[in-house]
Amino acid sequence: MDLGKLLEDSGAILRGHFLLTSGRHSDVYFEKFRVLEQPEVLSALCGELASHYQGQSFDYVAGPTTGGIIIAFEVARQMGLPAVYIEAENGQKTLRRNKTVPAGSRALIVDDVLTTGRSLVESREAIEKAGGTVAAYGVLIDRAAPGLNLGAPLFASYKVEAESYAADEVPSWLAEIPITKPGTRKEG
């Protein structure tokens, strides 16, 4: 299966000038909701994650709000594991709704698009605070710069070379394009 073509055909890959949720600028944006609203596309990408980690020892699959929750459900379903959902409460990622995890339990944390790793780090902190450990990470799309180290193995269903720039490093050709600010992370 050509996952790149699947993403293009689903409308998930956009081109222009985007201000990413990380605060960085890019000429490529991945609209995760074009994937999340198409079960066959989402299942295929989640299947890549589930296949990669099948047979490894995890107690559950965890994912952060919003897209990560849907992805965690589908990867967990395909792996025959329970899903755990990480949500924001008072500006912190946490397990809510009286959810607990056994001390030392092993989590596979999954999410949609990896750029800086912030969401994965916040999710790891929530799992560790609850008493679990993070054994590995999985993302649908990895657009991070090479060399990102999260302290546990990382696998992506699809890796893309997409440059991103700090606000004071935006190249002139990109600065000439009007900025679009997609995404869902709210600061504050």
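This is a predicted model: local features need pLDDT of at least 70, side-chain atom pairs count only at pLDDT 80 or more; totals for chains, interfaces and linings use all residues.
In which helix is Tyr53 found? Tyr53 is in helix α3, residues 39-53.

View 1. Local features here need pLDDT of at least 70 and side-chain atom pairs pLDDT 80 or more, while totals for chains, interfaces and linings use all residues. Residues are numbered from 1 along each chain as its sequence is written, and side-chain values use heavy atoms, without hydrogens and water. Tyr53 counts as buried because its relative accessibility is 2% (buried: under 20% relative accessible area, 1.4 Å probe, protein chains only). Helices are DSSP runs of H or I with at least four residues, and strands are E runs of at least two, numbered from the N terminus.

View 2. Asp111 is buried but has no salt bridge (a side-chain nitrogen of Lys or Arg within 4 Å of a carboxyl oxygen of Asp or Glu). Lys32, the nearest side chain of opposite charge, lies 5.9 Å away; Lys and Arg count as positive, Asp and Glu as negative, and His and the chain ends are not counted. The side chains of Asp111 and Ser119 form a polar contact of 2.9 Å (N or O atoms within 3.5 Å, one able to donate a hydrogen and the other to accept it; residues adjacent in sequence count only if both atoms are side-chain atoms).

Definitions and conventions: Buried means under 20% relative accessible area, exposed over 50%, partly exposed in between (1.4 Å probe, protein chains only).
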